[in-house]
Amino acid sequence: MIEFNGSTSTQEKTLSVAPMLDWTDRHCRYFLRLICPSCVLYTEMITTSALLLGRDPERFLEFSNAEHPLILQLGGDDPAAMRMVAGMALAHGYDGLNLNVGCPSPRVQKGRFGACLMAAPDLVADLVAALGENGLPVSVKHRLGLDREEDYAVLRTFVETVAAAGCRHFIVHARNAWLKGLSPAKNREVPPLRWDWVHQLKKDLPHLTVEINGGFRDVATAMAQFAAVDGVMIGRAAYHHPMLLAEMERALGRREALPDPRVILRELIEYAERWGDTLPAPRVSRHLHGLRFGESGAGAWHRFLDTAETTENAASFLRRGLLLLRRTDQNIVTHGQ
Ligand SMILES: Cc1cc2nc3c(=O)[nH]c(=O)nc-3n(C[C@H](O)[C@H](O)[C@H](O)COP(=O)(O)O)c2cc1C
């Protein structure tokens, strides 16, 4: 049972799309922004070493103005590196910084960051203090705990320790990270979800902004969270069914009608035209499978997207996609499906 926390305005509640490696790249984010003007977007996790030692950091940092509000998610364990990267983020115009304390992948564990930082709250405190030095808002995205240890007091101490270093915003993926024996994908399914722990956190630490993440797939369940916490972050469901974000905006009173997929596609074509031949079709098409989620034209749409070739630019491919959408929708009307 969710208890009401006393705040009446849904306008001040945050809806965000989770950072997802290999999924929420800039083209995906542009597409999601067309569908949902009000949600907060996050970059994929970028490591401080990729930004400081990599050959082409700009490739990771660049984004379109339309993507605002946009948060840069970082992975790393070195406060000095965080300080430098925070400067780069400020120069690029990001709206905030987020520290990844939730990723359980073996590669990330080798670097001793991501979810294993849950065991090092003092280091996380140093990292957020370094990130916050230039004034950009800082948040931490973390898990409930590590492996089989299920102790709410440990979670609360973690959050209190990090909050004491100046972080005011916590995004909680509401399950533990099991560091051994579970792939990252299984780590998003197997450890049990405990939304009630996140609700308790907000109740115990009401001065903090607490956002809940993990397992939200429908509007009613996600909307119910706003009675107990300040924000809801949606990951996989937002990618596979992006119109869910517009449905959430409607439920929050931020819009009336849902966007027309053909209008979204037209706007995406304008975006792709600005890139010309530098944007091959598959770099955009791969993110568009969810556009017709649950609709009768979905099968034809998937088959079309699967034909994208790197030899065609995205604008030209999407123009053909728009014709297909028009044709399918006409057939549906004509045949009364
Ligand atoms: C393909 C994929 C990549 C992900 N990459 C990241 C990442 O870079 N940083 C991060 O904090 N979480 C990452 N996650 C986890 C999500 O941000 C989110 O916490 C998780 O999927 C649970 O939310 P959901 O049930 O709404 O999907 C990833 C998830 C997926 C599916």
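A: Happy to! A polar contact here is a pair of N or O atoms within 3.5 Å. With that cut-off in hand, Met45 qualifies through its backbone, where an N or O atom lies 3.2 Å from an oxygen atom of the ligand. Please keep in mind that this is a predicted model.

Pro19 also uses its backbone: one of its polar atoms there is 2.8 Å from an oxygen atom of the ligand. Gln73, by contrast, reaches the ligand with its side chain, placing an N or O atom 2.8 Å from a ligand oxygen. As for cover, the ligand on its own has 610 Å² of accessible area, and the protein covers 92% of it.

The ligand is surrounded by 17 residues, and the closest of them are Leu21, Gln73, Asn213, Gly215 and Arg236. By residue type, the shell divides into seven nonpolar, seven polar and three charged residues. The place that holds the ligand is the largest pocket.

The protein chain has 15 helices and nine strands. Its radius of gyration is 20 Å, close to the 20 Å that the globule rule gives for 337 residues, so the chain is as compact as a globular protein of that length.

Technical notes: Residues are numbered from 1 along each chain as its sequence is written. This is a predicted model: local features need pLDDT of at least 70, side-chain atom pairs count only at pLDDT 80 or more; totals for chains, interfaces and linings use all residues. Side-chain values use heavy atoms; hydrogens and water are left out. A residue is near a molecule or strand if one of its heavy atoms lies within 4 Å of it. A polar contact is a pair of N or O atoms within 3.5 Å; within protein, one must be able to donate a hydrogen and the other to accept it, and residues adjacent in sequence count only if both atoms are side-chain atoms. Accessible areas come from the Shrake-Rupley method with a 1.4 Å probe; for residues, only the protein chains shown count as cover. On a 1 Å grid over the protein atoms alone, a cavity is a set of points where a 1.4 Å probe fits but cannot get out, and a pocket is an open set with protein on both sides within 12 Å along at least five of seven lines; lining residues have an atom within 4 Å of a point. A molecule sits in a cavity or pocket if more than half of its atoms lie within 2 Å of its grid points. Ala, Val, Leu, Ile, Met, Phe, Trp, Tyr, Cys and Pro count as nonpolar, Asp, Glu, Lys and Arg as charged, and the others, Gly among them, as polar. Helices (H or I, at least four residues) and strands (E, at least two) are DSSP runs, numbered from the N terminus. The radius of gyration is taken over C-alpha atoms; the globule rule is 2.2 Å times the number of residues to the power 0.38.
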